[in-house]
Amino acid sequence: MKILVAASIAWPLVMAAGVWDRAMTGGSIWTNILYTAASRICHQRPERSFHTAGVKWPVCGRCSGLYLAAPLGALAAASMGRRRRGPATTRAGGWRITNTNAVLVALASLPTAVTIVAEWTGLLPVSTLARALAALPLGAAIAFVIVRVVAKP
């Protein structure tokens with residue numbers, strides 16, 4: 001559990017360090033590895049990404065929101081101590097997933113779903129900042145659930 005919490009904190013810091021490295025030095029080998037790794041999980045479209053000092057972030061705005069909120073969810077879950085088994089659970093790969101966790105993630109995904117529907121239907125233009133803000137609840141909820149599910153009973 002501690003490793004997951006540490007990783008959720010480290011990943012946004014590593015991404016920020018990569019942006020800083022590219023802005024200051026034009027990038028190093030490790031920064032190129034970072035951006036390549038991030039390309040496996042994100043489309044990295046420049047028009048949907050934040051830029052700092054003229055440098056595109058390693059992930060898009062929506063992914064940035066997910067990763068920036070994850071430490072909050074992970075820390076909240078870790079601060080709750082050991083998880084208690086609830087009456088309503090489902091087994092998934094040997095882990096127990098409570099209905100409460102499923103509802104939490106479903107509700108937290110609604111703002112992101114709204115931005116996706118708005119984009120796909122052309123109802124509203126959705127900015128990079130709006131994508132990131134909408135993803136914050138989902139990032140925190142996913143990290144919260146993962147840490148709680150992996151925590152030893």
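Visitor: What is the relative accessible area of R48?

Guide: R48 has a relative accessible area of 21%, so it is partly exposed. Buried means under 20%, exposed means over 50%, and partly exposed is in between, with a 1.4 Å probe and protein chains only.

Visitor: Before we go on, what sort of model is this?

Guide: It is a predicted model, where local features need pLDDT of at least 70 and side-chain atom pairs count only at pLDDT 80 or more, while totals for chains, interfaces and linings use all residues. Residues are numbered from 1 along each chain as its sequence is written, and side-chain values use heavy atoms, with hydrogens and water left out.

Visitor: OK, back to R48. Which side chain does it meet in a salt bridge at 3.1 Å?

Guide: That of E119, with 3.1 Å from N to O. The two sit in distant parts of the chain, 71 residues apart: E119 is in helix α4 (residues 99–121) and R48 is in the loop between α2 and β1. A salt bridge here is a side-chain nitrogen of Lys or Arg within 4 Å of a carboxyl oxygen of Asp or Glu. Helices (H or I, at least four residues) and strands (E, at least two) are DSSP runs numbered from the N terminus.

Visitor: And E119 itself, buried or exposed?

Guide: E119 is buried, because its relative accessibility is 18%. Its side chain also meets that of R131 in a salt bridge, at 3.2 Å from N to O. R131 lies in helix α5 and E119 in helix α4, so this pair ties together parts 12 residues apart in sequence. R131 is buried too, with a relative accessible area of 6%.

Visitor: Which residues end up in one network?

Guide: R48, R62, E119 and R131, joined by salt bridges that share partners.

Visitor: How many salt bridges by that rule?

Guide: Four. One of them pairs the side chains of R45 and E47 at 2.7 Å, N to O. R45 counts as partly exposed, at 36% relative accessibility.

Visitor: Switching to cysteines. How many disulfides?

Guide: Zero in this structure. C60 is in none, and the nearest cysteine sulfur is that of C42, 3.6 Å away. The cut-off for a disulfide is two cysteine sulfur atoms within 2.5 Å.

Visitor: Are those two buried or exposed?

Guide: C60 counts as buried at 5% relative accessibility, and C63 is buried with a relative accessible area of 11%.

Visitor: Now backbone angles. Which phi does Q44 have?

Guide: A positive one, about 55 degrees, although Q44 is not a glycine. Most residues other than glycine have a negative phi. Q44 is in the loop between α2 (29–39) and β1 (51–52), and it counts as buried at 14% relative accessibility.

Visitor: What about A53?

Guide: A53 is not a glycine either, and has a positive phi of about 50 degrees. It is in the loop between β1 and β2 (55–56). A53 is exposed, with a relative accessible area of 69%.

Visitor: Last one: which residues make the nonpolar surface patch?

Guide: L4, I142, I146 and V150, over about 270 Å². Helix α5 (residues 128–150) gives the most, with three residues. V150 is in that helix, and at 31% relative accessibility it counts as partly exposed. Patch residues have over 30% relative accessible area and no salt bridge; like charges are joined within 9 Å, and nonpolar side chains (Val, Leu, Ile, Met, Phe, Trp, Tyr) within 5 Å. Areas come from the Shrake-Rupley method with a 1.4 Å probe, and for residues only the protein chains shown count as cover.
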